[in-house]
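Hello,

Here is the structure for your records, with notes on what was found in it below.

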Amino acid sequence: MFDTLKTVAATSLLALSSNAAFAETKVEFWHSFSGNSGEVLDGIVADFEAANPDINIDAQHIGNYNDIVTKLQAAIPARRAPDAVIMEVTRYGLFADRGVLTDLTDYLEADPLKDELFDFAREVGVYDGKNFIVPFNSSTPVLYVNTAIFADADMEDVPALTTFDEILSAAQQVQAKLGDQGISGIAAPGQFARWGLIMANESDLIDSVSGEILIDAPNTIEAYEWMASLVHEHGVASVDGVTKENNGRDAFLAGKVGMMMNSTGNYRRSKTALGDDLLVLPMPCNKTCAAPIGGAGIGILSTSAPEVKDAAYKFISYAAGAGSNAKWFAGTGYMPINKHTKDQPVAEEALKGEPGITVAIEQLSVARGRPRPPVVTWMRASEYDMWQAMALGQHDVAQTLKDFASQTRAEEARTN
Amino acid sequence: MHSRMTPYLLIAPLLAFIAVFTYIPILTSVDLSFREWDFLTAAKPWVGTENYRLVLSSTQFWNSVKVTAIFALVSVPLRLLLAIGIASYLVREALPQRLLRGALFLPSVTSTVAIAVVFSWLFATDYGVINAALAVFGLPKIYWLQDPQLALWVIIFVNTWKQLGYDIVIYIAGLQAIPTDLYDAANVDGGKRFHVFRRVTVPLVMPTTYFLLVISMIEAFQVFTVVDVMTRGGPAGATDMVVNMLYRVGFTLFDIGQGSAIAVLLFILLIALAVFKARVLGRRVHYEA
Amino acid sequence: MKRETLWSCAALVAGLIFLSPVLYTIWMSFLTVDSYYSGDPVLTLANYRAAFGQYDFLRYLLNSLLVSGVVTLGGLALAVMAAFAFARFDFPGGNFLFAAVVATLMIPGHITLIPNYLTLANLGLLDTYAGLILPAISNGFAAFFLRQYIRGIPRALDEAAYMDGARPLQVLWRVIVPIARPAILSMGLYIFITEWNNYIWPLVAINDSDLYTLQIGLAKLYRENPGEDVINWPLVMAASTITILPILLGFLAVERHLVRGITMGAVK
């Protein structure tokens, strides 16, 4: 019975692969970009296919980063994982660790792209000394300011916004002057910004070098206390953005919030919404200047056939190349990952008269990669509930973080 | 007339589907609940009762049990009380009654996802219509879905709004099945309206009440979609139902072992509830001959 | 008569107030995004064009109709046969098997989610219509409900048919089904609506957007990528309207049937 099955499987595999030799190679590719950036990505895919007529990239928008992790994990036992997948830079470690992703080190070593990538960008793809994803979109949180709201709140000249105190007092001024018009001082920080603020307070959630869990470190607790106080103590951030991250951003884009800390991936959209009223500043430097590098890279599934892997890598390399990256950067606001991107005409055009983007790029000098052991996937999925409980004043911050830290340590011991 | 096999052949297709998609999966879930698995590896090591120990010692699990119990114990009686009261007014087969009945019934057949989306927006803090209406009267905005003291009540409200019409329609049928001479007799006896309602209507629709109680309790303990769309169990776990936790542990955190353990525990709870209802409530009604 | 009209109007108003969230949804679905955010209403059909065009809701609509339709027909066929057997035959194990069917009512659907996922994965049926349909076919509630109903039909009718030489399936088809029509119809509507609104299973079982049902399409639209677009509420509301409307229109058409049917089995 089993032998028969094996024979059937082997024959059909043979048939498949011999077919593939004649027909085009199809690469199923899962990604997280819709709307405007989805269109830019589709353009890059189309360009690639035009240049490589024997390869067909079946690009599918799956959802956000969380959705991709979820769908991918669910797809493994069903054996219907794609060939290539976008993975957020802190959440692919689990998949690399479990052997789901292909080790791309040899591919990258043989690829001139290796030297074109910025160090920070190449570094995000390394887990356990090996390259598992090639960067595609890179971002860092920045501080977006609606200068029209600031002006209405008697801050024609935007004050210094580098420490937590300065940000709080500006938010309080907006809230005091304009609160009764339904305008709030600041958007509750999303998870990416929260991580940035923890770094700016000279701490981290997990140490990127030693892997030590720092969720209950004093500076982390202090940062969370400050973030939570924006919502429940000072009332300068609407709780709407606590329960659903996007609400804070939507309110900022709708001109109802004075400030927002969010990914550079939101730049193009914010610019469209606010026009010249938009000011982009670096993230605060409370105890130190530091910001996380976010974004995602593309990995290849270890279950794919060798020629599919080759084709997928070709695409990945193309997508990170200067030409594609320039289109991507110009069309979205995600940062350049390729040293030659800025020399491309589209990129030069986009950089002109866009000081906002320059701010983000300059911030890269203090930006750091974040750790990516398997437990991070669990930690990030669980952090939302902890944040809600703290921001809504349901639980004491220090106690919540102590509990969360010990849960994370237990989970780490169990899964790593 | 017919062979002894006939009934078996008639039920075979249904039983085959139930076996494949319900009973065998339950056994699989029980098996998985004793293992550690994240879908990613071929091995599923046996860990004994570890998953149950972790679930039963977690505050999140007991919180979700509490939240689900509050939801069920508030929303089910609320729905039934409202439904029987409204039904007794809408029992006549005349145009106004039928119009209102139709309107009340409509939400129960519409999409839960759509309703949840619509109410998320209505109850939104900053651009929700309800807070906008409050602002017109100079009232401060209320954090409907963000306030842990309020969110569960909003969920109960939405669920009641959606499901009430179904209960009403069932009750109306129950009321219409009551022979009118019973009412006439009660009225001849000089019964006041409420008296008649309490002494005649309520006891006579008891089978209907039992039917609805069973259906809506089971449904209440499995509520998921409204919560998933509106609050995802938040804020701070205030609306975290057992199934929402199950889904989160199983399909967001991919702890298949713990997720299966929660599923098994919920299963046991529902069976216990059903047995309790059959024992305690079943005795008080006469549903069928 | 005049009093009646007055009451009708009052009832209509009360009904409209009750349904105002749905009505407001429909209204909002015709607003431009800008006018929604600015508060000055400007009407447009663009949201529907986007929903049916760019966001593929026409396809989702057809998928929902197909899946719900097949589940309803298949579910009814299985339930009617089983209900007939349980109502009319005394056979060894019958009570036990009936209990096994009724017990499925108590079983939270989510306990079967992971195992069913694995089963269909092994059968290679994920991302197919069959994968959406098969797990939803068996309906213990319909079997239970129809069995109660059929028990209320006088046995003398079956006996007469058997006397005339009918076989069990003929009795079922010619005697029971016609009499139980209202109950079957109401169960059919119940199954259809349940399946129409089902969202967790298609969410797990379907990856290929060509096979999305309306619920999945809507949920996905509502939960746009956090790194992406602003929530376009009018578009979301147009999609919600598309999700609600077929049921709403169907409801208006069969309301009396539906209500009459539902009630007949629930109350004996």
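**Interfaces and a pocket**

R98(A) and D38(B) form a salt bridge, with their closest N and O atoms 2.9 Å apart. Please keep in mind that this is a predicted model.

**Chain A and chain B**

Two salt bridges are found across the interface of chain A and chain B, along with four residue pairs in polar contact, both residues of each pair at pLDDT 80 or more. On the side of chain A that touches chain B, the elements giving two or more residues are α3 (65-75), α4 (93-97), α12 (240-243), α13 (245-253) and α19 of chain A. Of these, α19(A) gives the most, with six residues. By class, that side of chain A has 13 nonpolar, eight polar and five charged residues.

The contact involves 26 residues of chain A and 25 residues of chain B. About 2,300 Å² is buried between the two chains, and carbon and sulfur atoms give 57% of that area.

**Chain B and chain C**

Here 84 residues from chain B meet 87 residues from chain C. The two chains bury about 7,800 Å² between them, with 78% of it on carbon and sulfur atoms. L10(B), F21(B) and W121(B) supply 10% of the area that chain B buries against chain C, more than any other three residues.

The count of salt bridges between chain B and chain C is zero, while nine residue pairs are in polar contact across that interface, both residues at pLDDT 80 or more. Among the elements that give two or more residues to the side of chain B touching chain C are α1 (6-32), α4 (95-109), α5 (112-122) and α13 (256-281) of chain B. The most comes from α1(B), with 19 residues. That side of chain B has 64 nonpolar, 15 polar and five charged residues.

**The second largest pocket**

The volume of the second largest pocket is about 1,300 Å³. It is lined by 44 residues, of which M386(A), Q407(A), S58(B), T59(B) and Q60(B) are the closest to its centre. Elements of chain A and chain B each supply at least two residues of this lining, including α19 (375-391) and α20 (397-415) of chain A and α3 (59-90) and α7 (151-176) of chain B. With seven residues, α20(A) gives the most to the lining. The lining has 17 nonpolar, 16 polar and eleven charged residues.

Regards

Methods: Residues are numbered from 1 along each chain as its sequence is written. Chains are lettered from A and ligands numbered from 1 in the order in which they are written. This is a predicted model: local features need pLDDT of at least 70, side-chain atom pairs count only at pLDDT 80 or more; totals for chains, interfaces and linings use all residues. Side-chain values use heavy atoms; hydrogens and water are left out. On a 1 Å grid over the protein atoms alone, a cavity is a set of points where a 1.4 Å probe fits but cannot get out, and a pocket is an open set with protein on both sides within 12 Å along at least five of seven lines; lining residues have an atom within 4 Å of a point. Grid points are joined across faces, edges and corners, and a volume is the space filled by probe spheres set on the points. Helices (H or I, at least four residues) and strands (E, at least two) are DSSP runs, numbered from the N terminus. Ala, Val, Leu, Ile, Met, Phe, Trp, Tyr, Cys and Pro count as nonpolar, Asp, Glu, Lys and Arg as charged, and the others, Gly among them, as polar. Contact means heavy atoms within 4.5 Å. Buried area is the accessible area (1.4 Å probe) that two parts lose on being put together, summed over both. A salt bridge is a side-chain nitrogen of Lys or Arg within 4 Å of a carboxyl oxygen of Asp or Glu. A polar contact is a pair of N or O atoms within 3.5 Å; within protein, one must be able to donate a hydrogen and the other to accept it, and residues adjacent in sequence count only if both atoms are side-chain atoms.
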